[in-house]
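User: Hi! I have a chain open on my screen and would like to talk it through with you. Could you start with the overall layout?

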Amino acid sequence: MDETSFPRVELDERPKLDAQELAFPKSQSGITDDDALNRHVKHSSGGVQEFWQLGYRLFNSSADTFPVPFVAGDAFDETFLRAVSPYYTLPKEPAPPLSSLTNLTPLLGLVSAIHVSSFFHLFDEAHQLQLAKSLAGLLSPLPGSMIFGAHGGLPEKGLQIGEDDQSKVGSYMFCHSPESWGELWNGQVFECGTVNVEAIWKPGIG
Ligand SMILES: C[S@@+](CC[C@H](N)C(=O)[O-])C[C@H]1O[C@@H](n2cnc3c(N)ncnc32)[C@H](O)[C@@H]1O
């Protein structure tokens with residue numbers, strides 16, 4: 001398969017988001033210009049479903065041979081991911097068939113590995129805590145279960161001021177430090193001492 005056989009999805013061909021759809025990313029990103037915000041959201045979220053189809057082609061698989069669905073939704077929407085306290089014992093209900101999933105709530109307490117990247121820094125401090133609590137509810141209590149990834153951070157917890165004046169991307173981005181990130185997970189989200197947190201900060205990434 002050569003590069004030209006992949007369908008091309010032009011970002012500018014996508015319909016613009018309306019004011020209601022833009023309200024949440026606007027409040028979180030600090031981007032006030034609607035055109036700039038539309039471009040940012042399209043670059044961030046557009047085409048995910050198309051990528052899933054491309055994945056089938058790339059790995060020569062299909063929905064039958066790789067029955068993991070792509071389940072899109074708002075991580076803050078309780079009808080998509082119910083916020084519950086972390087599980088310290090296994091849920092009584094068995095895991096549902098993955099192909100039946102339409103939201104993440106049936107997986108509460110059952111997920112052994114959660115990868116989440118370039119995500120937490122999109123939100124302010126309170127929403128980062130809310131998000132961490134929601135993801136924690138998904139994690140299996142079995143030893144070795146983990147949440148891993150990389151996000152914008154700072155050596156000292158605080159606000160990072162964006163340098164991209166044109167789009168204002170990153171303006172007033174709230175960033176955890178390795179220390180505050182550890183305190184967040186080990187104490188605020190999970191009971192202190194029940195999880196092991198490893199976090200490092202590297203310059204130039206975020
Ligand atoms: C910067 S991209 C990172 C994508 C991917 N994790 C990566 O590392 O390449 C941020 C992602 O967060 C998603 N996102 C933003 N707000 C969200 C929300 N409230 N719930 C779920 N996903 C959200 C966007 O759709 C986008 O895919």
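Analyst: Happy to! Reading from the N terminus, the elements run α-α-α-β-α-β-β-β-α. That comes to five helices and four strands. Please keep in mind that this is a predicted model.

User: Good to know. What average pLDDT does the chain have?

Analyst: The chain averages a pLDDT of 84, and 74% of the residues score at least 70.

User: Where does pLDDT stay under 50?

Analyst: Over residues 1–14. For that stretch the model has nine contacts beyond four places in sequence.

User: And what share of the chain is buried?

Analyst: Buried residues make up 15% of the 206 residues.

User: How about contacts, what share join residues at least 24 apart?

Analyst: Counting contacts between residues at least 6 apart in sequence, 59% join residues at least 24 apart.

User: Let's turn to H4. What span should that helix have, and what is the distance between its end C-alpha atoms?

Analyst: Helix H4 covers residues 125–138, which is 14 residues. At 1.5 Å a residue it should span 20 Å, and the end C-alpha atoms are 21 Å apart, so the two agree.

User: Nice. Which residues of H4 are buried?

Analyst: The buried ones are Gln128, Leu131, Ala132, Ser134, Leu135, Ala136, Gly137 and Leu138.

User: Which residues is serine 134 in contact with?

Analyst: Leaving aside neighbours within four places in sequence, serine 134 contacts Ala75, Leu81 and Ala83. Also, the C-alpha atoms of serine 134 and arginine 82 are 7.0 Å apart, although the two residues are 52 apart in sequence.

User: OK, on to the hydrophobic side. How many residues does the largest nonpolar core have?

Analyst: It has 14 residues. Those with the most contacts inside it are Leu131, Ala132, Leu135, Ala136, Leu138, Leu184 and Val189. H4 and H5 are the elements that give two or more residues to this core, and H4 gives the most, with five. As background, nonpolar side chains tend to be buried together in soluble globular proteins.

User: What does valine 189 touch?

Analyst: Not counting residues up to four places away in sequence, valine 189 touches Pro86, Ala132, Lys133, Ala136 and Leu184.

User: Staying with valines, where is valine 197?

Analyst: Valine 197 is in the segment after H5. Beyond four places in sequence, valine 197 is in contact with Trp181, Gly182, Trp185 and Asn186. Valine 197 and isoleucine 147 are 50 residues apart in sequence, with their C-alpha atoms 9.5 Å apart.

User: Why is valine 197 partly exposed?

Analyst: Because valine 197 has 16 other C-beta atoms within 10 Å, which falls between the cut-offs of 12 or fewer for exposed and 20 or more for buried.

User: Switching to the backbone: which residue other than glycine has a positive phi near 50 degrees?

Analyst: Asparagine 60 is one, with phi near 50 degrees. Serine 118 also has a positive phi, of about 50 degrees, although it is not a glycine. For context, most residues other than glycine have a negative phi.

User: Where is asparagine 60?

Analyst: Asparagine 60 is in the loop between H3 and E1.

User: And serine 118?

Analyst: Serine 118 is in the loop between E1 and H4.

User: Is asparagine 60 buried or exposed?

Analyst: Exposed, because asparagine 60 has 9 other C-beta atoms within 10 Å. Serine 118 has 13 C-beta neighbours inside 10 Å, so it counts as partly exposed.

User: Last one: what can you tell me about leucine 101?

Analyst: Leucine 101 is in the loop between helix H3 (48–58) and E1. With 15 C-beta neighbours inside 10 Å, leucine 101 counts as partly exposed. Beyond four places in sequence, its contacts are Pro69, Val71, Pro96 and Pro106. Leucine 101 and proline 69 are 32 residues apart in sequence, with a C-alpha to C-alpha distance of 7.2 Å.

Methods:
Residues numbered from 1 in each chain as written. Predicted model: local features only at pLDDT ≥ 70, side-chain atom pairs only at ≥ 80, totals over all residues. Contact = placed C-beta atoms within 7 Å. Expected span 1.5 Å × (residues − 1). pLDDT = per-residue confidence, 0-100. Core = buried A, V, L, I, M, F, W, Y, C linked by C-beta atoms within 7 Å.
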